[in-house]
Every structure is written in C-alpha cells, then in structure tokens.
Amino acid sequence: MNIFRHFETRIEAALNALVAEGTLPSGLDFSRIAVEPPRDASHGDLSTNAAMVLSKPAGMNPRALAEKLVEKLKSEAAVTEVTIAGPGFINLRLTSEIWLGGILDVLAAGAAYGASTLGAGKNVNVEYVSANPTGPMHVGHVRGAVFGDALANLLEKVGYRVCREYYINDAGGQIEVLARSAFMRYREALGETITIPEGLYPGDYLVPVGVALAKTHGDKLLKAPDTEWLPVVRDTTMAMMMDLIRGDLAVLGIVHEVFFSERTLHQNGAVEAVLKLLDEKGLIYTGVLERPKGDASEDWEERPQTLFRSTQFGDDQDRALKKSDGSWTYFAPDIAYHYDKFQRGFTTLIDVWGADHSGYIKRVKAAVAAITDNQAEIDVKVCQMVRLFRDGEPFRMSKRAGDFITLRDVVDEVGKDAVRFMMLTRKNDASLDFDFAKVMEQSRDNPVFYVQYAHARICSVLRNAAEQGIDIAEASLAKADLSLLKDEAELALVKQMGAFPRAIEQAAQAHEPHRIAFALNDLAASFHGLWNKGKDEPGLRFILADNRDVTIARLTLIRAAALVLSAGLGVLGVKPAEEMR
RNA sequence: GGUCCCGUAGCUCAGCUGGAUAGAGCAUCGGAUUUCUAAUCCGACGGUCACAGGUUCGAAUCCUGUCGGGAUCACCA
C-alpha cells in the first residue's frame, strides 16, 4: 500500500463528505491537492495543502476550512493526531503500526516494490541512443543511453507499456562515406596497401567489414562500377555496424525493442505521404530563409526551399524540408518517423537527445503538433554534456582520427553498474562531471559505492545471522513481531521505505530517473546511520544474542531495506552488490 | 545576434512540479572503532537561492528584463 496515495483518497473522501453536507460547494478541483512528507519530520508523518489549495475556490478562510477537514480526518483509522499549522497545512501523525505494516508489503513485493498501475498500461514510446551507425559508440553517447534506458524502466515500473526504440540514420550522405571507407578496407583485405583518403572514416573497426566483403565477394566488386558495388557494400557495412552498436549497448545492459530505419521511410513513400499531409493543411510553401543573425560567413547564400510553417506552432523560424537541389533534408524523414510512431498507436512520445540537438526541439514539437492535430504529446529530454576527468584533471578527446574514448573503454575500466549509476546522479539538463577515479573510489563521496555498500552490508549482517543459526527465510521473517521496532532511527528508516513508491511515481511523472538515485542515497544514509547507532548503543544492534524476537524483527527490517535498495537499483539498471571487495 | 540549458554554502550538487525555519556530500574543526565489514557514523561551522521587477495567502521554483557560464544555429545527420 502506498500510504501517501491511500491518504490522498481518504482526504478526498472527507472533502466529498463536506461537500455532501453543504459545508463546501460542489465542483471543486482536487487535482492540486498534495499529500507529502512534511519538510520537517517533527511536524508529523503526512502533510496536505488541501485547505490552502481549496480556500479560494471554496470561498473560505484556509484555517477555517482546515478545521472542518480535521474534524473528518480525526476519525480516520491509523491517524493518531491531526494538527493545523502555518497558513493552513494539515499535519497527520500515524500509528507506527501502519508504517511497520509497510515492511510486509516490501517483503511481499520483493524487487517489484514500488511498482504501480499509474500508467494504466498506456503505450509510451521512448526513443534513445539513435547514434549514427558509422562506428562504435563513443563515450558521448553513454549518458543518453543510460538515461533513456532508466527512464524506460521507470515508466514500466509505474505501469506503462514502454517501447524502447532506436532510429537508425541510414539514409544520409555519411552512409555513402561509410561504404566507401569500408570499400578501402575491402581492397586492403584483398592484399592492396591502402591509405585512407581525407574525408573517409579511418577507424580500424571497418577492417573486419573489409575482410567479410572479401570473403563473400572475392575480388568481384573491384571491377564493378560504383553503382553496383556501393549498395552491396553499404548494406553489409550497415548490418555490421548495427551489430557493433547492439553489442556496445548490450555491454551497458541496453536492449531496444525496435530499430527503425530511416531508409525505409524513403523507400515506402512515407516521406512523400507526410509532406502531402502537411501540404493539405496548408503548412508548406516555397520560400527563402533569412540569414541567421550573427552569421557573418561568406558562403551564405539565399536559396529557395520547400519550407514547413513551424512558426505557426511556436518555432522561431520556418524550417526546410528540401534542400535547394530538391532532395530531402534530415527533418523531412524525421517528421515521417514521428508520424509513424503516432500511427503505430503511440500518443505519448519521448525523445532523448544530446545537448547538441537542443536547437532541434521546437521544430520537432511543431511537426508533431501539426501532423497529429495535437493528438500526441511529445517530451524531448536533452542530456547535457558529460565532462571527463581523470584524477581531477579534465581531458578532452582530440578530434584526430580514431582517437576517441569508446563506450567500451569506459565500461571496461569502471564496470557497467558504476557507469550507469554515475550517469544518473545529475538531472539530465545539468552537465555532469565523470571522473574515472571518483567512480571507483570507496568513500561516502561516491554515491555508487555508498549505495552498494549499504546493500552489501545488509547482506553481510544476514549472512552472519544465518551462520549463527538464525532462520532468515522469507517466510520466517514475515512472521516477525514488528512492534518490537521502537527506536526512532528504525522508524525513520521504515517511513523512508514507505515513501519510496511515491518517489518512484513522482520521478516517473517528471521523467526524471535521477531522483531514484538520490532517493537511494538517502535510504543508504539512513541505514548506515542505524548501523552505526548500534555501535554506540549495543542494544540497537541487529543481531542480539539474548533476544531472538527483536533480532528477527530487525533482520526483517533490514531485509526489507535491502529489497527497497535493489528495487530502486533495478530501475536504474544496476545490480545490487552482495559484498564489497 | 537568435534559441535552449545552467547559475542555490568555499567546492560538487539536491530541492518532491508554488508551501512551513532552503537541504546533502566534500573541505575545515571537534568527536565515536577489541566492528553485526570505521570502505561507516555523530556534531559544529557555513546562504542576499546571480541581480532587478512582477504574479499571490505564499516564489529557489511561475512571468519579464539584465548579467555570467555552456551548447547550438541556413542545403550535416
């Protein structure tokens, strides 16, 4: 049971009762009412702003309204005290039984703890990574990949049906460049000595592609004209690059359900179709864009182009759909792509992009609004840059060919779990510092370690208990007398666990998985604090030789805490550590 | 120049979609260990929430403007 959600409904019931007896007018909007933990725990267990929010529409003084509401809430089960504070906050204090009961919920739910039906099975499409298929993924892709994946997990956790999607940019000019680069490697594989010309991809990840081409085609392609070998080489290369990328993503534990090819949109006429749709709405014209202000470059020239009236949907400028030579811009198939998502039944779209694409948000939102007649909502999450540090020193990747840090480099050095957690310790729209040393550091300062250590510590205590012959089977723990948990720090931990489902829901609604990382850090802090309290007061230790019942109750408590930690880590895609070594 | 993001303690950052006396970690200072792993914990110190207006019962949070930092810009993808 989500205690906050439970009391939300109880408060609404109380308000409805007040409406029924004429104390409050009907037709009030309850949507802004919040039930939350008070900022200061001394105020109580729960706090609601109901009286303040409803005061104006009800035409009542907030405190007077609060008093009426308090009358109703006093009789509520599990409520021990109701007070009015400040401008009209209503603070509730609950029995410790109801909080302690939450421990059983955790045990019953296990790693699924915090799951809810908020999303009601609604389809959500999360598009993330979508890196150009021209080589292995580099470190710059990692944050968006982890963010998108954790967000997808989070939405699934609260009951959405999530489609994880990757848009393959396999139609642009860079694909031909890639194919030509692979062709060089093909010649190399046939025994030629090659030098990769300027402008082609020099990376040696194409060497296996050349070998594969040579194996399949022998020297047949050498004699063929461009028009013949190019499609062959392109398709083979693309397939191998996507395998490479899927492998990279797998290293991070990421698996997409749908890989959507841009090229298919050109081939099946979807781009023309969506342009026709926009044209019928009168949103397309031929015109000339103005020179961007502040652009003093020489090579600017006026060009008549096919333009989309994105300014009608909040964009700053109309946007080109065709280049001056009549071919499509990148934007045109992208509209078709988003329309395709809509046609596949998605009315909630989330795109995860890097900071370098932020200038693209308005036009895509405009396009989605236009083609779906505002029937779909799209949220574009931009992940700001990751700055890399080694031992506190920033370092940049040089642009020189081949000299970039790959996703695999990072994962090989610090491990999948550390990378994933660290990437989620900032909100997406703030830039993030990633220090290789800090991620591996075993200290309070490193949240990756700190949270893992809390979990491992609990596992360690449970192992010790088992060695001492204490039955820690789930079924036995479920029968513990939890009323023996009386210490303030114990109850604080229990309340924090009880608030966890709420944290999950709010993170999901805000599309902000980083909040889970912070909630876990807080939970770990409460546990470490409790553990250490047992040092000062031996009577508070988890395992007491002379009191089996209290021991069982405490082991149940920390077992539940471990489950909550692993539930949260699960959302982040991080495996909880059983021990630290 | 336009657009987007950021600006909160000396440093790195949270701040629950507008709530109560703005919170953590690091650093500094003072404490706790024959350990259920001290790889941890407890306490103290530390703030004009960049600045100026506005909206209202109430603003770090929303709006306008200014300043500072970053990203980005028309036929690349």
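This is a predicted model: local features need pLDDT of at least 70, side-chain atom pairs count only at pLDDT 80 or more; totals for chains, interfaces and linings use all residues.
Phe183 and Tyr186 share helix α6 (residues 173-189), where three residues, about one turn of the helix, separate them.

**Aromatic rings**

- A pair of aromatic rings is described by the distance of the centres and the angle of the planes.
- Searching the whole structure turns up 17 aromatic pairs.
- For Phe183 and Tyr186, the ring centres are 5.4 Å apart and the planes meet at 40 degrees, so this pair counts as tilted.
- Both Phe183 and Tyr186 are buried.
- Elsewhere, one aromatic cluster is made up of Phe308, Phe313, Tyr330, Phe331, Trp353 and Tyr360.

**The parallel sheet**

- Strands of a sheet pair through backbone hydrogen bonds, either parallel or antiparallel.
- Here, five strands form an open sheet in the order β7-β6-β5-β11-β12, and their pairing is parallel.
- The edges are taken by β7 (258-261) and β12 (377-383); each has a single partner strand, so one side of each has no neighbour in the sheet.
- From one strand to the next, the twist averages 25 degrees.
- Strand β6 (residues 161-168) runs parallel to β7 and is joined to it by four bridges.
- Ile168 has Ser261, in β7, as its bridge partner.

**Helices on the sheet**

- Helix α9 (residues 226-251) packs on the sheet and touches β6 and β7, with its direction at about 135 degrees to that of β6.
- Helix α5 (residues 142-157) lies across β5 (123-127), β6, β11 (348-354) and β12, and runs at about 155 degrees to β6.

**A buried lysine**

- Lys341 belongs to helix α12 (residues 331-343).
- Is Lys341 buried or exposed? Its relative accessible area is 0%, and because anything under 20% counts as buried, Lys341 is buried.
- Leaving out residues up to four places away in sequence, Lys341 touches Asn125, Glu127, Glu165, Phe346, Leu349 and Asp351.

**Arginines over rings**

- Which ring does the charged end of Arg444 sit over? That ring belongs to Tyr450, and the charged end of Arg444 is 3.8 Å from its centre.
- Arg502 lies over the face of Phe4, 5.3 Å from the ring centre.

Notes
Residues are numbered from 1 along each chain as its sequence is written. Chains are lettered from A and ligands numbered from 1 in the order in which they are written. Side-chain values use heavy atoms; hydrogens and water are left out. Two strands pair if DSSP finds at least two bridges between them. Helices (H or I, at least four residues) and strands (E, at least two) are DSSP runs, numbered from the N terminus. Axes are lines fitted to C-alpha atoms, for helices over the stretch in contact, and angles run from 0 to 180 degrees between N-to-C directions. Contact means heavy atoms within 4.5 Å. Buried means under 20% relative accessible area, exposed over 50%, partly exposed in between (1.4 Å probe, protein chains only). Rings of Phe, Tyr and Trp (its six-membered ring) pair if their centres lie within 6.5 Å; planes under 30 degrees apart count as stacked, over 60 as edge-to-face and the rest as tilted. A charge sits over a ring if NZ of Lys or CZ of Arg is within 6 Å of the ring centre and within 35 degrees of the ring normal.
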